[in-house]
Amino acid sequence: MNRDVIIACDFSSREATLEFLDRFPAGRKPFVKIGMELFYAEGPSIVREINARGHKIFLDLKLHDIPNTVKKAMRVLSALDVDMVNVHAAGTIGMMEAALEGLTREDGSRPLLIAVTQLTSTSEETMQKELLIGAGINETIVKYASNACKAGLDGVVCSPLEAGMVKKACGDGFLTITPGIRFADAATDDQVRITTPARAREIGSDFIVVGRPITAVSDPVAAYERCLKEFV
Ligand code: C5P
């Protein structure tokens, strides 16, 4: 799997998203992430439109429901012809297996299926006190990643700082998709467990997901090229 930079298109409308993508030169088609905000605002048509423009798409909807519901939902997402989708590993191995089954097309092809372990917004304290998960956060992340691996998934979303331990537990071929990326000389915003594109590469990330350092600066194309240069 080739390393790549995925731009988090956290915009609330089709217009804002396409205006942003139009800033890139004709031959430059970055891998983009479409999340809940844009998908709920614009529906599947925005996915088809960005797909038709030649971009690879990570559809970040983080499914988490009973296995049968997730399987059927994945069948629908699979028909959208995106490159990557995800579920919460907390849905259990059974749910992840059902997701994989729903996602797999008749010819055996399917988008990559990635699991969210513990959200990077969840602290160890919150996890233990509110969710009553007694283990430590790193142990929980490795366990959830191992469950995803056992279910046949392709990888996990995690903090870049956790990518090394996930690889150690699940093998080098198990993908790590890591948000929480900031340039060494830039603002951290609300992200806590962050690192630079270059360091993420050293630790073992396969894909970095970058939002505001690219989308909220005056020259997004230059910021994207800088990410590629540091990471790929
Ligand atoms: O703007 P920024 O680079 O912080 O955007 C990171 C993207 O990755 C956002 O779309 C955010 O929702 C997503 N994400 C994250 N941490 C996770 C999972 C997803 O930051 N654990």
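In this predicted model, the ligand is surrounded by Ala8, Asp10, Lys33, Thr120, Pro179, Arg182, Gln191, Val209, Val210, Gly211, Arg212 and Pro213. By residue class, this shell consists of five nonpolar, three polar and four charged residues. Two secondary-structure elements, β8 (207-210) and α10 (212-215), each contribute at least two residues to the shell.

In the side chain of Thr120, an N or O atom is 2.8 Å from a nitrogen atom of the ligand. Arg182 likewise uses its side chain, placing a polar atom 2.9 Å from a ligand oxygen. With Gly211 the backbone is involved: one of its polar backbone atoms is 2.8 Å from an oxygen atom of the ligand. On its own, the ligand has 470 Å² of accessible area, and the protein covers 84% of this.

With a cut-off of 4 Å between a side-chain nitrogen of Lys or Arg and a carboxyl oxygen of Asp or Glu, the count comes to 17 salt bridges. One of them joins Asp22 to Arg53, with 2.9 Å between the closest N and O atoms. Asp22 belongs to the loop between α1 (14-21) and β2 (31-35), whereas Arg53 belongs to the loop between α3 (44-52) and β3 (57-63); the pair therefore ties together parts that are 31 residues apart in sequence.

Definitions and conventions:
Residues are numbered from 1 along each chain as its sequence is written. This is a predicted model: local features need pLDDT of at least 70, side-chain atom pairs count only at pLDDT 80 or more; totals for chains, interfaces and linings use all residues. Side-chain values use heavy atoms; hydrogens and water are left out. A residue is near a molecule or strand if one of its heavy atoms lies within 4 Å of it. A polar contact is a pair of N or O atoms within 3.5 Å; within protein, one must be able to donate a hydrogen and the other to accept it, and residues adjacent in sequence count only if both atoms are side-chain atoms. Accessible areas come from the Shrake-Rupley method with a 1.4 Å probe; for residues, only the protein chains shown count as cover. Helices (H or I, at least four residues) and strands (E, at least two) are DSSP runs, numbered from the N terminus. Ala, Val, Leu, Ile, Met, Phe, Trp, Tyr, Cys and Pro count as nonpolar, Asp, Glu, Lys and Arg as charged, and the others, Gly among them, as polar.
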